[in-house]
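Please open the model in a viewer and keep the selection panel at hand. The tour visits a sheet and then a ligand site.

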Amino acid sequence: MTHCVEGELTPQRPAKTSCGDVAPCCDRNEGHSSPRATQGERRLACGAEHGTGCEEDLFFVSTKRRRFLGMEQLAKDLFEIGAVKFGTFKLKSGITSPFYVDLRVAVSYPRVLRSIAALYLECLQDFSGAFDVICGVPYTALPFATAMAVQGDLPMVMCRKEVKDHGTRRVVEGAFTQGSRCLIIEDVVTSGSSILEVVGALRAEGLKVDHAIVLLDREQGGCEALLGQGIGLRSVFRISNLVGTLRNLNLLEPGKVDMILDFICTARAASDVKRPETNVPSALPVAASSSSPVRDQLYSIAEKKRSILCVATDVQSTKELLGIADAVGPHICVLKLHADIIQDWTTDTSRRLRELADKHSFMLFEDRKFADIGNTVVAQFSAGVHRISSWADIVNAHAIPGPGLIEGLRHACAISGRMIGLLLVAQMSSKGNLIDERYTATCLRMAREAFPFCIGFIAQERLDPTGKLFVMAPGVQLDSKGDQLGQQYNSPEYLLKRKGVDFLIVGRGIYGSEEPAKAAQMYKELSWSVLHG
Ligand code: 6AU
């Protein structure tokens with residue numbers, strides 16, 4: 001359960017140290033740990049992996065400072081007005097919880113309502129242009145959405161909970177057209193079921209819904225459940241994040257913090273256990289479901305499209321890139337590119353690529369091969385002209401700088417609020433490359449430690465016998481054995497049958513052919529039939 005939720009900076013970040021009970025984000029940072037860090041602090045640090053900033057992420061501190069101060073104030077306000085309570089509470093489910101959240105009371109406090117709206121609006125900056133209307137989930141989030149609509153000058157629609165048996169019988173009230181993109185606003189997410197109900201109603205009326213923002217994520221599997229239905233979730237607070245903020249404001253005693261974090265960890269683990277198995281095709285080399293939504297999405301696309309083909313589009317203009325993407329789109333599960341060789345790259349390029357990815361249902365893989373220290377890759381991943389973390393689904397990296405690189409990417413990914421999977425380059429297809437068996441074995445170890453953020457490898461053979469970490473193999477072509485610059489090609493049959501790789505990357509064999517669409521279809525069908533043969 002990583003990187004699916006965007007939380008925010010936790011004030012006075014606790015020292016990082018090892019922690020096996022939550023996420024593996026902190027397990028290689030013993031060197032940074034403070035001997036004085038309490039058990040609760042250690043768990044908070046691990047919880048921070050979801051986007052709160054495990055590191056001293058200096059790049060982002062200045063830009064996020066306003067949001068951080070707003071969050072700190074709101075945490076305090078919510079505590080003071082009794083919207084968040086700590087003690088012993090019996091929940092509807094029968095579970096005894098050490099905290100209770102009821103945000104309905106916020107409507108009686110105009111200043112708090114304004115702060116809530118302002119923080120939702122801050123989150124919205126990451127969605128600019130991605131929606132036409134907002135819709136609050138009835139009832140608690142309705143006034144929140146309304147305040148946002150007024151404060152942010154945003155058109156809103158309302159989804160009825162009960163449909164009237166007279167009058168227009170409309171389910172969705174307000175002005176919208178078929179295909180209008182709607183952003184869901186929710187107050188608290190637990191399992192995600194309330195959001196999904198509204199999503200269902202909106203989609204039935206012809207609205208397009210891909211994203212939701214929630215004020216507080218209780219971290220009990222809602223985010224993953226929503227992702228499974230194609231809804232990306234962003235949260236202003238995660239509960240562990242809110243608890244951390246209140247602890248730092250001295251509003252919660254460390255002992256209570258420990259208890260609450262224990263409860264959250266247990267609930268998180270339980271929601272992991274309950275996660276439904278993804279229906280991974282039996283014909284694909286590995287039929288194991290995982291706790292990586294990115295990996296599961298890839299396998300689900302592969303199954304639906306009967307394709308294990310990734311096309312590499314190493315072209316130099318937006319026009320060529322989009323043209324090939326549109327042509328090969330129906331036949332592939334992944335489109336791989338090198339954004340830095342596109343001469344006229346703009347944000348419009350990534351926007352249109354994403355549209356094509358949605359249209360044809362494929363994932364976008366930026367072949368950036370990060371290879372610097374963590375501090376640098378954070379910026380390379382999220383900033384600059386390409387802003388990779390804002391559009392890519394998969395990226396790759398060399399393992400040579402060590403785990404700090406993975407931590408940096410994971411952190412930047414959490415800040416982006418998007419689900420992105422990492423592939424480590426554990427072997428290369430080029431002649432004379434310097435990778436040896438020991439290096440590859442170390443990559444395997446590092447990838448295992450970084451799962452589920454790290455979902456596999458770029459390699460030439462199966463590396464993880466369990467197949468949980470899959471292999472995408474480049475260097476595939478039928479008509480050539482290699483090029484003048486050291487590239488070496490193998491056939492789909494050799495790589496799939498003899499080497500046990502899971503996905504094939506074909507570049508010039510497809511985009512360099514007379515008819516890329518036809519070539520893609522041929523490679524797709526051939527590789528699929530090799531798997532079934
Ligand atoms: O089929 P090609 O030779 O036209 O393209 C292969 C693509 C290129 C390479 O940059 C990439 O695959 N690649 C990689 C990757 C994906 O990381 C690693 C490697 O060892 N060999 C390789 O060719 O875009």
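Select the six strands of the open sheet, ordered S5-S4-S3-S6-S7-S8 with mixed pairing; strands are DSSP runs (E, at least two residues) numbered from the N terminus, and two of them pair if DSSP finds at least two bridges between them. At the edges are strand S5 (172-173) and strand S8 (232-238), each of which pairs on one side only. This is a predicted model, in which local features need pLDDT of at least 70 and side-chain atom pairs count only at pLDDT 80 or more, while totals for chains, interfaces and linings use all residues. Residues are numbered from 1 along each chain as its sequence is written, and side-chain values use heavy atoms, with hydrogens and water left out.

Next, select strand S3 (residues 133-136) and strand S4 (residues 156-159), which pair in the parallel sense over three bridges. Ile134 has Met156 in S4 as its bridge partner.

Now move to the ligand. Around the ligand are 16 residues (each with a heavy atom within 4 Å), of which Asp314, Lys336, Ser429, Tyr489 and Arg508 come nearest.

Finally, show the ligand surface: taken alone, the ligand exposes 510 Å², and the protein buries 92% of that (Shrake-Rupley method, 1.4 Å probe).

Technical notes. Helix = DSSP H or I, 4+ residues; strand = E, 2+ residues; numbered from the N terminus.
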